[in-house]
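Here is a short briefing on one chain. Look at the overall fold before turning to the single residues.

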Amino acid sequence: MWKNFGLNKIREKVKVTYKVEGLNQNRLIESLRKRDIALFNVKKINNKLMYVSVNLNQSKNFFAITKDLCYNIKKVRYFGKGLPLYSLLKNAGLI
C-alpha cells in the first residue's frame, strides 16, 4: 500500500517506449486499438521493427496482449512530465 501512495495520478503522466520486433505490425496496432490501449509516437523502422510508446498505467495490459501474439518486446526508456516526481516517490526510501 505504501508503494502506491500517490503514484497512480503521477503514472498517468509517465510514458514508456518499447522496441517491438516481429512481423504483421498493423495487426498488433489494430488489436491494441480494439482493447483501448492508447499508443503514442509509433515509429515503424522497417517491416520487422517499430518503436511504440504507451502510458505507464497500461504497460501491463500491453505486455499481456503482445505475449499472446508472439512479439519480442524490449523496454527502451521512460519519459513524460511526471517522470522526476515518479522516480522520487518510487524510491522514497533513498530520500
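The chain exposes about 6,900 Å², and carbon and sulfur atoms supply 53% of that area; accessible areas come from the Shrake-Rupley method with a 1.4 Å probe, and for residues only the protein chains shown count as cover. This is a predicted model, in which local features need pLDDT of at least 70, side-chain atom pairs count only at pLDDT 80 or more, and totals for chains, interfaces and linings use all residues. Residues are numbered from 1 along each chain as its sequence is written, and side-chain values use heavy atoms, with hydrogens and water left out.

**Overall build**

- The chain has 4 helices and 4 strands; helices (H or I, at least four residues) and strands (E, at least two) are DSSP runs, numbered from the N terminus.
- Their pattern along the sequence is α-β-α-β-β-α-β-α.
- The C-alpha trace spans about 45 × 25 × 20 Å along its principal axes.
- Of the 95 residues, 33% count as buried (buried is under 20% relative accessible area, exposed over 50%, partly exposed in between; 1.4 Å probe, protein chains only).
- Among contacts with a separation of 6 or more, 72% come from residues 24 or more positions apart (contact means heavy atoms within 4.5 Å).
- The mean positions of the 20 positive and 5 negative charges lie 7 Å apart. Lys and Arg count as positive and Asp and Glu as negative, while His and the chain ends are not counted. Each charge is placed at NZ of Lys, CZ of Arg, CG of Asp or CD of Glu.

**The sheet**

- The 4 strands form an open sheet in the order β2-β3-β1-β4, with antiparallel pairing (two strands pair if DSSP finds at least two bridges between them).
- β2 (39-46) and β4 (72-80) are the edge strands, each pairing on one side only.
- Neighbouring strands are turned by 20° against each other on average, direction ignored. Axes are lines fitted to C-alpha atoms, for helices over the stretch in contact, and angles run from 0 to 180 degrees between N-to-C directions.
- β2 and β3 (residues 49-55) run antiparallel and are joined by 5 bridges.
- L39 stands opposite V54 in β3.

**Helices on the sheet**

- Helix α2 (residues 25-34) lies across β1 (14-21), β2 and β3, and runs at about 170° to β2.
- Helix α3 (residues 59-68) packs on the sheet and touches β1, β3 and β4. Its direction makes about 15° with that of β1.

**Buried positions**

- V20 is found in strand β1. Its relative accessible area is 1%, so V20 is buried.
- Not counting residues up to four places away in sequence, V20 touches L28, K48, L49, M50, V52, F62, Y71, N72 and I73.
- V20 and L85 are 65 residues apart in sequence and 28 Å apart in space, C-alpha to C-alpha.
- S31 lies in helix α2. S31 counts as buried because its relative accessibility is 15%.
- Leaving aside neighbours within four places in sequence, S31 is in contact with I65 and L69.

**Positive phi in loops**

- N24 is found in the loop between β1 and α2. Its phi is near 60°, a positive value in a residue other than glycine.
- With 48% relative accessibility, N24 counts as partly exposed.
- C70 lies in the loop between α3 and β4. C70 is not a glycine either, yet has a positive phi of about 60°.
- At 71% relative accessibility, C70 counts as exposed.
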